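Reader: I would like to learn how to read the packing and the sheet of a model such as this one. Could we take the features one at a time, with the general idea before the case?

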Amino acid sequence: MSYSNLSQMFSPLSRLEFIESYLKNEPIVTHKVSGLDPLFSHPLLESLESLFQKWPGPVNAYQEGTADEVNALPVSCAEARELFQSKRSGLYFDDPNLYDSTIDQFLQELRLDLGLSNLTYARSLIYVIAKGKGTATHFDQNINFVLQISGTKKWWIAANDSVVNPLVRHTLNHPVDPELQSYMKAPFPSEMPNDAREYILEPGSVLFLPRGSWHKTEALSDAISLNFTYSAPSWLDLMTAAIRSRLVQSTQWRETANFVNDETLKSHAHAQFDRLISELVEDTKNWKASDILNATESN
C-alpha cells in the first residue's frame, strides 16, 4: 500500500479534487486520517522523551525573540531538552527521512503522487512546540504537508496579496530578500492579515499548506508534528537549467567575459555578447518542452 496516496490522506476528496484545490492555493485539513498509522504511531514519535532518546543528530532551537527558524540555532539533544523544559523553546528536527526508511518512503511517494519534478528538494521535519508557544508569521516558498502527531495546535492561514509564487521564504518584520522585493506587488503587512482563517489540528489531523500562504501557529498543548515539504523547481528553474546545459557545451559561451568594465574596449564586449545572444535566440526557436523535461526528469 502506498501511504502517500493523496485521496487517502484527504478523504473524502479524490486525488483530482485535491489537485483542483492545490492549484487554487487553498488550504485543506482532514481529521482522523486512516491508513497513515505507520507514521502516526512511529516509535520515534511516540513521545517527546522517545524523540530525544532516539534522535541521532543536532536539534534546532528557537532563540529569544522571533519564534521562527530565521532565529534558530543547532544544539545537542541534551541542550534541546533543557531549553524546552526551562524556557519552553520551540524545537525542530531536520530530515528524519535520512534516518528512517518509513518516513523516507512516505516523503518520496508523496512527491511522486504530486507529480513533482525529479529536481525537487524533498525534506521532512519534526516540530516540537510547547503549550502557549508557536511559530511567528511567515510564508514559505515550498509546498507543505503537516501531520499532527500529538497535542493540539491552532493555525492561522491567509492568502498572500503581496507576492505570488515566491522563490524564497520570508518571516514578517524581518529584512526582505532583494530579489523577492523586486517582484512584490505590494508591501508586506505589519501583522497577520485580518482575513486569516483558523484551523485546529489534533492528533491524526493532516494539513495541506499552500506555497506562499501567510501562516502562524500556537500550540494549545505541548505538540509534536511531522512536516513534509517540497521545494519544487519553477519553470524559471527548469529553463535556466536547460540554457546552462546547452550553453556549457560551447567554447564561446565558456569564454571569459572580458572588458565589460573597460571604457575603451567595452564596445567589443557588447558586440561579442550581442552576437552570442542572437545565436541563442535563433537556437531556442527549435526548443520543445518535451526535450527539456525528458532531460530533467530522466531517472
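Author: Let us start with contacts, where contact means heavy atoms within 4.5 Å. Leaving aside its neighbours within four places in sequence, leucine 6 is in contact with Arg15, Phe18, Leu110, Asp113, Leu114 and Phe145. This is a predicted model, in which local features need pLDDT of at least 70 and side-chain atom pairs count only at pLDDT 80 or more, while totals for chains, interfaces and linings use all residues. Residues are numbered from 1 along each chain as its sequence is written, and side-chain values use heavy atoms, with hydrogens and water left out.

Reader: Where is leucine 6 found, and why does leucine 6 count as buried?

Author: Leucine 6 is found in helix α1; helices (H or I, at least four residues) and strands (E, at least two) are DSSP runs, numbered from the N terminus. Buried means under 20% relative accessible area, exposed over 50%, and partly exposed in between, with a 1.4 Å probe and protein chains only. Leucine 6 counts as buried because its relative accessibility is 0%. In the chain of 299 residues, buried residues make up 43%.

Reader: Which residues touch the most other members of the largest nonpolar core?

Author: A nonpolar core is a set of buried Ala, Val, Leu, Ile, Met, Phe, Trp, Tyr and Cys residues joined through side-chain atoms within 4.5 Å. The largest one here has 45 residues, and those that touch the most other members are Phe18, Phe145, Phe228 and Tyr230. Helix α6 (residues 101-114) gives this core its largest share, 5 residues. A second, separate core has 10 residues, among them Trp156 and Trp214.

Reader: How many aromatic pairs does a search of the whole structure find?

Author: Rings of Phe, Tyr and Trp (its six-membered ring) pair if their centres lie within 6.5 Å; planes under 30 degrees apart count as stacked, over 60 as edge-to-face and the rest as tilted. The search of the whole structure finds 18 such pairs. In one of these, phenylalanine 10 and phenylalanine 145 are tilted, at 6.1 Å centre to centre with 45° between the planes. This pair links distant parts of the chain, 135 residues apart, with phenylalanine 10 in the loop between α1 (6-9) and α2 (15-23) and phenylalanine 145 in strand β7 (residues 143-150).

Reader: In what order do the strands of the open sheet run, and why is one side of β1 and of β3 left without a neighbour?

Author: Strands of a sheet pair through backbone hydrogen bonds, either parallel or antiparallel. Two strands count as paired if DSSP finds at least two bridges between them. The open sheet has 8 strands in the order β1-β11-β7-β13-β5-β4-β2-β3, with antiparallel pairing. Because β1 (28-30) and β3 (72-75) stand at the edges, each with a single partner strand, one side of each is left without a neighbour in the sheet. Within the sheet, β7 and strand β11 (residues 206-209) pair in the antiparallel sense over 4 bridges, and the bridge partner of leucine 147 in β11 is valine 206.
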